[in-house]
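Visitor: I'm new to this. Could you show me a structure and walk me through it?

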Amino acid sequence: MERIYLDHASTSPTHPDVVKEMSPYMSGIFGNPSSIHSFGRESRQAIDDARQTISANIGAKSTEIIFTSGGTEADNLALIGVALANKHRGNHIITTKVEHHAILHTCEYLETQGFKVTYLPVKENGIVSIEDVKASLTDQTILVSIMLANNEVGAIQPIKELSEIVRANGAYVHSDIVQGYNLFPINVDDLGIDLLSVSGHKINGPKGVGYLYVRSGVKITPSLHGGEQERKRRAGTENVASIVGLKHAVQLSNKGRNERFELYSNYKKQMIDIFKQEEIDFSINGDLELTVPNILNVSFAGVSVEALLVNLDLIGIAASSGSACTAGSVDPSHVLVAMFGNGSERIQSSIRFSFGYGNNEEEIRKAAYEITKIVKRLTKH
Ligand code: PLP
């Protein structure tokens, strides 16, 4: 059975060029980057190169990059690190109800440590209101964390406008750009961002690696204690091979950004056109113009998303729901709840298709027709 992978927002395949570049660092080149001998220097050189490339790519200095084990750690370090290091300035943090759990659960943890967190609502299109951000800022606000693109529905937040308001109020801006990095050119000064999180495995790099950008002058308290790696901000021997992989993923991402944007927009349109042409009942979650092109989150009226996912999996099509299934019970997606309210039928009937490297038009067309067949079958019952 030929399988079709439409779950790139969950994780993306590692690009073969990335694997090739990583391979020497998993065999011949093994020195500890902290060692001063030639073995160590080889590894150190690779990390320095990666840091240089990665920082230049977002208009940052190489000293402003902290390599982490991925997006989750970067988000944790940003929030907890800023909160602890800046508590003398205030104890208030602002975020939105549609952030990834790496942000939301970290904020909940900070609440247990005496910090106050405002979780802003979003409109039906998944986007936060600038007025709400303005109104929630206080003289105690130290940090505002708002993602660039949502991982479930793809909603794009107006980071540039928000950061101007937030920084004028003296608070730092953190943005989780894990889902936006592959599609938008990022410049930390243009966007007015003080901290940002990136994950390797969402951009065809390896899993278990990412980075946090921290603007010079922004104080953070480290979470890991030990050696003096990462300028004492993240102890532990560096994951050299994965950092090299991340560098190549960043370079590849940078190369084809515009083409990718165009290609995925076409895939999205193609899929929607087939749903329309086949006359199935569907609604798109989020505004088409205000969502990333590689994520299509749709609700099929009257269709249980679990049944749909299982039926798709049986024929080799991988997609995803925002809900987490644990031992037979389904947690409703907090993103859809924030957009449509707790009682909305859409929460049970929404599915996310996400496109990426390796997909082609033929696959998208085939998947769209298979989806319509299953939806028609499921709504009949
Ligand atoms: N932030 C967002 C928006 C994500 O989509 C993800 C992954 O799903 C993460 C953070 C976590 O990244 P990682 O899997 O690298 O820990």
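This is a predicted model: local features need pLDDT of at least 70, side-chain atom pairs count only at pLDDT 80 or more; totals for chains, interfaces and linings use all residues.

Visitor: What radius of gyration does the chain have?

Guide: The radius is taken over C-alpha atoms, and the globule rule is 2.2 Å times the number of residues to the power 0.38. For 381 residues, that rule puts a compact globule near 21 Å. The chain agrees with it, at 21 Å.

Visitor: What percentage of the residues in the chain is buried?

Guide: Buried means under 20% relative accessible area, exposed over 50%, and partly exposed in between (1.4 Å probe, protein chains only). Out of the 381 residues, the buried share is 55%.

Visitor: Of the contacts between residues at least 6 apart in sequence, what percentage joins residues at least 24 apart?

Guide: A contact here means heavy atoms within 4.5 Å. Take the contacts between residues at least 6 apart, then pick those joining residues at least 24 apart. Their share is 73%.

Visitor: Back to α4: how far apart are its end C-alpha atoms?

Guide: The expected span of a helix is 1.5 Å times one less than its number of residues. Helix α4 covers residues 101–112, so its 12 residues should span 16 Å. The model agrees, with end C-alpha atoms separated by 16 Å.

Visitor: Which elements do the buried residues of α4 pack against?

Guide: The buried residues of α4 are Ala-102, Ile-103, Leu-104, Thr-106, Cys-107 and Leu-110. Their packing partners include both helices and strands: α3 (71–85), β3 (92–96), β4 (116–120), β5 (141–145), β6 (172–176) and α12 (334–340).

Visitor: Is Ser-199 buried or exposed?

Guide: Ser-199 sits in strand β7 (residues 195–199). Leaving out residues up to four places away in sequence, Ser-199 touches Gly-71, Val-178, Val-209 and Gly-210. Its relative accessibility is 2%, so Ser-199 counts as buried.

Visitor: And how far apart in space are Val-240 and Lys-123?

Guide: Val-240 belongs to helix α9 (residues 240–255), and at 11% relative accessibility it counts as buried. Along the sequence, Val-240 and Lys-123 are 117 residues apart. In space, C-alpha to C-alpha, the distance is 42 Å.

Visitor: What separates the C-alpha atoms of Ser-299 and Gln-348?

Guide: Ser-299 lies in strand β10 (residues 295–300) and is buried, with a relative accessible area of 3%. Not counting residues up to four places away, its contacts include Arg-346, Ser-349 and Ser-350. Ser-299 and Gln-348 are 49 residues apart along the chain, yet their C-alpha atoms are separated by 8.3 Å.

Visitor: Is Glu-279 buried or exposed?

Guide: Glu-279 is in the loop between α10 (257–277) and β9 (282–284). Its phi is near 55°, a positive value in a residue other than glycine. At 70% relative accessibility, Glu-279 counts as exposed.

Visitor: Which helix holds Lys-232?

Guide: Lys-232 has a phi near 65°, which is positive although the residue is not a glycine. Lys-232 is exposed, with a relative accessible area of 55%. Its helix, covering residues 229–232, is α8.

Terms used
Residues are numbered from 1 along each chain as its sequence is written. Side-chain values use heavy atoms; hydrogens and water are left out. Helices (H or I, at least four residues) and strands (E, at least two) are DSSP runs, numbered from the N terminus.
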